[in-house]
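User: Please walk me through this model by question and answer. Keep it brisk.

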Amino acid sequence: MASLPFIPVFLWTDILIYLLLSFVIYSVLYIRKHAHLKAPWKLVIKRKRGVISIMVLMCYVFVGLLDSVHFRLTIDDQQKSEKQHYASQVTSLLDIAIMPLREQVEKTYSAPFATRSFSREMQKDVSSELSYVYPKLHHGGAHLRFEKEKLPDILSTIIISSGKALITWLLLSALLLNYLAQRYDTPWLKQYKDILLGSARYPVRTLLLMLGIILLTVFNVAALSVDYHVLGTDKVGQDVLYQSLKSIRTGLVIGTLTTLVMLPLAISMGIAAGYFRGWIDDVIQYVYTTLNSIPGVLLIAAAVLMLQVYMNNHPENFVTITERADMRLLFLCIILGVTSWTGLCRILRGETLKLRESEYVLASRALGASSLSILHRHILPNLMHIVMISVVLDFSGLVLAEAVLSYVGVGVDPSMISWGNMINSARLEMARDPVVWWSLTAAFFFMFLLVLAANLFADVVRDAFDPKGHKQND
């Protein structure tokens, strides 16, 4: 039997991401069957900000999922041995999709869309004389015969790729228009007019506009990145756009998996402290007050350094560098989750203290309902809007925290590409003359866009899930 051209690799964070994705799919199917759960989410997608933020977040999630399918490719064995050998380097679907960005490595720095290196070198000219010049790049603009052809070539590439994006957008818009006309049993022309005038049930016009912007960006960047370094290269000549895209998974893992660790602690302890009060409340308050008294950065640094010592003493447990870096990422998520649940716990405790004295809870207690039933039926559902808002806001904070921790050296593994490591390596570049600004700018832009979309989404979710705010917002 012929062997597979690859061997799958399941990292710990990959497994947790798959479980989280399965839970999200199950939750969507469950919510669709219950009108009272579906109602607030309808309010979310009826807001223009909600549609815009969801589409931006979905782009990040798509890239992160592509980068979470890992495998090791086979090695061509010239000796034709019976045993198949696999590469030690772990590859993802994203690496395959953006292979030109990964393979087009230069010697050192080069500016965005440059055809020559950012640093001078001694080279021999045609007459064998040494000259101090900016050498031509191996990949960036290598297809050009003369440097003056660069601007016309870029413009023609943008025009062609924009035309392809426009055709794709028209096809997708027609499919969406036909689907809406069939779903709501309205004439095709009337549905078109409703969308054009902005009187449709949902902000379809905003959705189509965002779809067009995303398609234009993706098509143009994909076309230009084949022949140019769109965001330049770093000190070792690696494409900065490749690094920015690979950093998306790290940011999403930090934001999502840390939340999974934090939520059970915050919800269980916050509700228990507020509902039962007494000595249970005293113990829980003592725990999170003590934990808050410890500097978080020192606790994270100590935990990461202990893990580093363990990995150095047991190298046999980690086959590849990627698995070693993934273990440190997972451990960082756990430590961040353990140290960041106290804020939400305080909020839930205070809200539970108020809810336990409400009339419907007192009536349930008088009718003999158990504490577990009251917590499940009355307390927890009325706290979910707070949990939803806190989760999205904490996601933004955790993405920024990764950058800060990596900057001070206690974040993700240096071998793992992340926005924090990009910023950490760019701090020395800012002291150069002239300044190498593109690495820091790229990391800032990608991180800023993700955090901005998450904050906008949190704002819309707060308005939709807050029971007191529905009448004010509708």
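**Helix ends, packing and burial**

Analyst: Gly409 follows helix 16 and has a positive phi, near 95°. Helices (H or I, at least four residues) and strands (E, at least two) are DSSP runs, numbered from the N terminus. This is a predicted model: local features need pLDDT of at least 70, side-chain atom pairs count only at pLDDT 80 or more, and totals for chains, interfaces and linings use all residues. Residues are numbered from 1 along each chain as its sequence is written, and side-chain values use heavy atoms, with hydrogens and water left out.

User: How far apart are the end C-alpha atoms of helix 16?

Analyst: Helix 16 covers residues 384-408, which is 25 residues. The expected span is 1.5 Å times one less than the number of residues.

User: How many helices and strands does the protein have?

Analyst: Its C-alpha trace spans about 100 × 70 × 60 Å along the principal axes. The count is 19 helices and five strands.

User: At what angle do helix 3 and helix 9 pack?

Analyst: Axes are lines fitted to C-alpha atoms, for helices over the stretch in contact, and angles run from 0 to 180 degrees between N-to-C directions. The axes of helix 3 (residues 48-66) and helix 9 (residues 240-276) lie 8 Å apart, and their angle is about 95°. Helix 3 is therefore roughly perpendicular to helix 9 (65 to 115 degrees; under 35 is roughly parallel, over 145 roughly antiparallel, the rest oblique). The angle asked for is about 95°.

User: Which residues of helix 9 meet helix 3?

Analyst: Contact means heavy atoms within 4.5 Å. Helix 3 brings Tyr60, Val61, Val63 and Gly64. Their partners in helix 9 are Leu245, Ile248, Arg249 and Leu252.

User: Which residues of helix 1 are buried, and why do they count as being on the same side?

Analyst: Buried means under 20% relative accessible area, exposed over 50%, partly exposed in between (1.4 Å probe, protein chains only). The buried residues of helix 1 are Thr13, Asp14, Ile17, Leu20 and Ser27. They share a side because they cover an arc of only 145° around the axis, taken from the directions from the helix axis to the C-beta atoms. So the answer is Thr13, Asp14, Ile17, Leu20 and Ser27, within an arc of 145°.

User: Is Met306 buried or exposed?

Analyst: Met306 sits in helix 11 (residues 296-313). Its relative accessibility is 58%, so Met306 counts as exposed.
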